[in-house]
Amino acid sequence: MKIDYLKNCEYIDGFLGYPNDVLVELEKEHKSDRVNIQPNIGLQAAHLLKIMLLLTNAKRVLEIGTCIGYSSIFIGEFLKMTGGKLTTIEIDKRFIPEITANIKAAGLKDSIEVINQDAATVVDNLPPGYDLILLDANKPLYLKIRERLVDLLRVGGVIVADDTLFKPMGAKERLADPMDKYNTLVFKDKRLQNTILPIGDGITLSIKTSE
Ligand SMILES: C[S@@+](CC[C@H](N)C(=O)[O-])C[C@H]1O[C@@H](n2cnc3c(N)ncnc32)[C@H](O)[C@@H]1O
């Protein structure tokens with residue numbers, strides 16, 4: 001039987017939903033012809049995050065790459081089930097008023113902290129012990145901070161990295177190569193066990209099994 005990827009997605013999406021009305025508006029914003037925002041992680045990846053947050057009973061979560069807050073608000077909503085908090089880092093100051101307003105409208109301002117700086121410098125000053133880290137930013141950054149993110153993760157914690165199938169998808173070299181290198185490095189890292197899922201533009205899941 002032939003696999004119809006789009007039909008499968010339609011079927012899966014039929015079961016998934018938006019746990020906060022603000023997310024419905026943000027999805028529209030992402031699907032609009034607005035040019036200054038990058039793609040969000042998508043509905044299926046957001047719900048994969050829910051499962052990972054529950055499996056890790058996440059209390060401390062770190063996100064690299066906030067954009068206008070789509071994935072942050074999903075995470076913030078799901079963290080109501082574990083009592084956890086999210087720290088999200090966004091380098092682009094133009095997004096900050098919008099992120100702040102969206103998080104406030106979603107009723108999540110007490111559980112999401114937004115840091116407006118370059119994640120490459122912020123991660124060096126964060127205390128370790130994260131249960132889950134979502135990596136969804138500039139592609140060369142993945143390689144720059146990968147080692148530090150593993151240090152920041154507790155044993156049993158998970159790194160969820162987005163866009164990691166750029167290479168087989170035929171994305172431009174400057175995007176595909178760092179993603180391919182990222183996958184190669186995590187699969188070589190003795191502290192991690194990994195897999196790659198064909199959700200959205202690819203999700204690499206890495207669980208830390210030792211220090
Ligand atoms: C793909 S978007 C994030 C989408 C978001 N995770 C979502 O699903 O709604 C990537 C974001 O990472 C931000 N970014 C890029 N480089 C960064 C860096 N060095 N530190 C922090 N944020 C960065 C960009 O400004 C952009 O808003």
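Author: Buried means under 20% relative accessible area, exposed means over 50%, and partly exposed lies in between (1.4 Å probe, protein chains only). Asp 163 has 10% relative accessibility, so Asp 163 counts as buried. This is a predicted model: local features need pLDDT of at least 70, side-chain atom pairs count only at pLDDT 80 or more, and totals for chains, interfaces and linings use all residues. Residues are numbered from 1 along each chain as its sequence is written, and side-chain values use heavy atoms, with hydrogens and water left out.

Reader: Where is the place of Asp 163?

Author: Helices (H or I, at least four residues) and strands (E, at least two) are DSSP runs, numbered from the N terminus. Asp 163 sits in the loop that runs between strand 5 (153-162) and helix 8 (166-169).

Reader: What is the phi of Asp 163 near?

Author: General idea first. Most residues other than glycine have a negative phi. Asp 163 has a phi near 75 degrees, a positive value in a residue other than glycine. Cys 67 is another case, with a positive phi near 55 degrees. The loop that holds Cys 67 lies between strand 1 (60-64) and helix 4 (70-78). Cys 67 is buried because its relative accessible area is 13%.

Reader: Which side chain joins that of Asp 163 in a polar contact?

Author: A polar contact is a pair of N or O atoms within 3.5 Å; within protein, one must be able to donate a hydrogen and the other to accept it, and residues adjacent in sequence count only if both atoms are side-chain atoms. Here the partner is Lys 139, and the contact between the two side chains is 2.7 Å. The Lys 139 side chain also reaches the backbone oxygen of Ala 137, at 2.9 Å.

Reader: Is Lys 139 buried or exposed?

Author: Buried. The relative accessible area of Lys 139 is 8%, hence the label. Lys 139 belongs to helix 7 (residues 139-152).

Reader: Now the ligand. Which residues come nearest to the ligand?

Author: A residue is near a molecule if one of its heavy atoms lies within 4 Å of it. The ligand has 22 residues around it, and Ile 41, Ser 71, Glu 90, Asp 118 and Asp 136 come nearest.

Reader: How many residues of each class does the shell around the ligand have?

Author: Ala, Val, Leu, Ile, Met, Phe, Trp, Tyr, Cys and Pro count as nonpolar, Asp, Glu, Lys and Arg as charged, and the others, Gly among them, as polar. The shell has ten nonpolar, seven polar and five charged residues.

Reader: What lies 2.8 Å from an oxygen atom of the ligand?

Author: A backbone N or O atom of Ile 41 does. On the nitrogen side, a backbone N or O atom of Ala 119 is 2.9 Å from a nitrogen atom of the ligand. The side chain of Asp 136 places an N or O atom 2.8 Å from a ligand nitrogen atom. The ligand alone exposes 600 Å², and the protein buries 94% of that (Shrake-Rupley areas, 1.4 Å probe).

Reader: How should I read pairs that are apart in sequence? What separates the C-alpha atoms of Tyr 182 and Tyr 142?

Author: Tyr 182 and Tyr 142 are 40 residues apart along the chain, with 6.7 Å between their C-alpha atoms. Tyr 182 lies in helix 9 (residues 173-188), and is buried because its relative accessibility is 0%. Ile 112 and Leu 86 are 26 residues apart in sequence, and their C-alpha atoms are 4.8 Å apart. Ile 112 is in strand 3 (residues 112-115). At 8% relative accessibility, Ile 112 is therefore buried.

Reader: What about helix 1? Where does Tyr 5 lie?

Author: Tyr 5 is in helix 1 (residues 5-13). Its relative accessibility is 43%, so Tyr 5 is partly exposed. Between the C-alpha atoms of Tyr 5 and Pro 128 there are 39 Å, and 123 residues along the chain. Asn 8 is also placed in helix 1. Asn 8 is partly exposed because its relative accessibility is 38%. The C-alpha atoms of Asn 8 and Glu 63 are separated by 28 Å, with the residues 55 apart along the chain.
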